[in-house]
Each structure stands twice: as structure tokens, then as C-alpha cells.
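This report covers the aromatic ring pairs of one protein model and the surroundings of some of the rings.

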Amino acid sequence: MQNAPVKEAILEEIANLIDTGRFTNGPAVEAFEGAFAAYCDVEHCVGVASGLDGLRLALVALGLEPGDEVIVPAQTFVATLEAVTQAGGLPVPVEISRDDYCMDVDAFLSAVGDRTRFVMPVHLYGQVAHMTAIGEVAAAKRLTVVEDACQAHGASRAGYTPGRDHAAAFSFYPGKNLGAFGDAGAVTLTDADAARRVRALREHGQMAKYEHAMEGWTSRLDTIQAIVLEAKLPFLDSWNGERRRAAAHYSEMLAGVGDLQLPNVPADSQPVWHIYVVRTADPSGLAAHLSANGIGTGRHYPFPPHLSPAYAYLGYANGAFPVAEALAREGLSLPMFPGITEAQLAHVVTAIQDFF
Ligand SMILES: *Cc1c(COP(=O)(O)O)cnc(C)c1O
């Protein structure tokens, strides 16, 4: 269990916090920001209230103006698009690649137009997008890169780790690879001024107490969550290692079973397996069979944002992004968490073999 090794330390620090009464910001928040910046090997980290807020504040801090277009992948969690629209931008979805389920680089390039100001790659399921190529296109087209790294704490690809370009946002929602005991998030940035603006935006636009340089929000990283996250961060790599072992087990044992398509991992990629998604013609049937065997599964995500009622107004029809839509239709997420045992993995594999 993720929380057992850190429970006592966290309880002690929370007890101290209750005595000092510094319930917003304070040394615990700064300590976690420093530790996470070091972990990501990035200069600046600003704690915020959620992954969504991290993405939104990064866009605003990096100069998004109303109506600016932000290129996003067509299959992602809906928060990627929420961040863009809530910052005042227009999300422009583009097709994903079969190789990594992330933004397709050619589709990205073709979507760049006069109003494009940002690109927001999503490292879906914990696999880093093709950032070398995306970064080159972004630089050539003078676009700012804000990565949605909400599923990719600790992932890398060809030496690139999230946040090396302009900014990356992370979610510490409890189910993420690094999870708080409630909602929390962070933005990493390479530019000191932009980091200062995110710091102001998370707290009513204050550059200094009661000096409101811009309009902001209440979106601080909760101090209690910062305590939790700092205690858990040293374990992140070993928890990611356990996810990798589980993924390796699935990939070895499920190859060639039924009509399953297993996740592809490009040779230069080290995913952190936030989610392990297999594809099959009948994911509901397989899910029902697994459920009857006591195995929980998930669908991440059954409807791509462009086909969700929330974004119907963007005007995309079914068939606009066939690769993204097929992944949504056929994907099934298998049990994946640190501490999953060999016996549990074997049980899942046997039940899947049974089904076919
Ligand atoms: C979890 C997640 C978010 C949003 O994070 P919250 O902390 O829930 O706001 C954004 N994008 C992706 C891809 C996510 O998985």
C-alpha cells in the first residue's frame, strides 16, 4: 500500500502544522516545490490546487490571450481542453499517433495556423510524447509548449523529461503516480518571470501582499497536501519501477492472446504506466468477464473530448479523428498500481486467456 511507509511521518508533520497554524503556503509548500523541481531537473516549481489549475495558470502566465489557439491531442482526459477554454483560448484537437497514443507530429504541424500560439502535448498513460520533434516544430513556429504531464511523473523519452521546454503541469490527484490525500498539482517552468506570474495567479494576482498586479484565483497547493507529497516523493521512482514490472508482465504474458493489441513502447521511451491499456473489439465483454472474476478494470477514456457534449460547440463530428476514436472505443485499462503482486497479475492474465 502506497501510504503505509509514510503514514507516521505525515501524521507527525501535520500535528506540528496544527501547532504552528500556518495553513496556507509556508515552509512545507516551499520544501515540496524545491524537492519536485529537483526531481524534475527543472529550475522552477510552483504548487497549485490541481493539475487542471496548473495547466490553466501556465497558459495565462505564458501570455495566452483570448482567442489564441492551443493545439491539443484528440484523445486525452477532458481537463486538457478545460484548461485551454478556461484560460480564454480555443482548443484545436489533432489526431494521435498509433506509435505512442500521443499527439501525432504531422497532424500537429498541419494544424498550425495564424492564431496558433501554444501546443499542449499530453503524455498519455504515462508515456512521453515525441517531444524532440514536437519541440522542433514549436520552435520553428514560435509556439509556447505547455505539457500536460498529469500522468507522467518520472517518465522520459530520448533523454527528455517533462518540463524541459517552457512549462509542464502535474496532477497529484490521489490516483496519479504521485498522489496527495486530496486534490493538488504543480507547474514546472524554465523561465523565472513566468514562474513568478504563476505564483501570483494562484493567489489573487498578488505579486506582494495586497498588490494585485493581475487578476488571479485561489489556487494554492494546500499545505497539508505539500506535507504528504514531500513525504511520498522519495518513493516515486520505486513505485514507478513496480508499475514497470507489472507492465512487463502483462506485455510478455498477453502477447498474441485473442485479438488484444498491447501498448506500443517506442525504443527510446521509458513510460511510467499510469495506466496500462489493451485494445480489443469488445472491451465491455472483457470487462464484464474480468469483473465476474473479481478484477476491476477501467475505460480511459470512452469518449474523446471532441465527442463529449461539453465540447459539441467546437463542431467536430464522429470520424474527425479515427485513431483517437478507435482507442476510445476499444481501450480497456487493466489493474495497475504499485504493490500489485505476481499472483494478482497471473490471475488477471489467466482470466483474460479464459475469456478468449
Ligand atoms: C488528471 C489529469 C488532469 C487534471 O488533473 P486534476 O488534478 O484532476 O485537475 C489533466 N490532464 C490529464 C491527462 C490528467 O490525467
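## Aromatic pairs

The structure holds 13 aromatic pairs. The model is a predicted one. Two of the pairs are described here.

In one of them, the ring centres of Phe32 and Phe172 lie 5.5 Å apart with the planes at 85°, so this pair is edge-to-face; the cut-off for that class is over 60 degrees. Phe32 belongs to helix H2 (residues 27–40), while Phe172 sits in the loop between strand E7 (167–171) and strand E8 (185–189), so the contact ties together parts that are 140 residues apart in sequence. Phe32 is buried, at 0% relative accessibility. Phe172 is buried too, with a relative accessible area of 0%.

In the other pair, Tyr311 and Tyr313 have ring centres 5.9 Å apart and planes at 40°, so the pair counts as tilted. Tyr311 is buried, with a relative accessible area of 5%, whereas Tyr313 is exposed, at 56% relative accessibility.

The geometry of both pairs is set out below.

| Pair | Centre distance | Plane angle | Class |
|---|---|---|---|
| Phe32 and Phe172 | 5.5 Å | 85° | edge-to-face |
| Tyr311 and Tyr313 | 5.9 Å | 40° | tilted |

## Cluster and charge over a ring

Which residues do ring pairs link into a cluster with Phe32 and Phe172? The cluster also takes in Phe36, Tyr39 and Phe170.

A contact of another kind involves Trp217: Arg56 lies over the face of this ring, at 4.2 Å from the ring centre.

Note on methods
Residues are numbered from 1 along each chain as its sequence is written. This is a predicted model: local features need pLDDT of at least 70, side-chain atom pairs count only at pLDDT 80 or more; totals for chains, interfaces and linings use all residues. Side-chain values use heavy atoms; hydrogens and water are left out. Rings of Phe, Tyr and Trp (its six-membered ring) pair if their centres lie within 6.5 Å; planes under 30 degrees apart count as stacked, over 60 as edge-to-face and the rest as tilted. Helices (H or I, at least four residues) and strands (E, at least two) are DSSP runs, numbered from the N terminus. Buried means under 20% relative accessible area, exposed over 50%, partly exposed in between (1.4 Å probe, protein chains only). A charge sits over a ring if NZ of Lys or CZ of Arg is within 6 Å of the ring centre and within 35 degrees of the ring normal.
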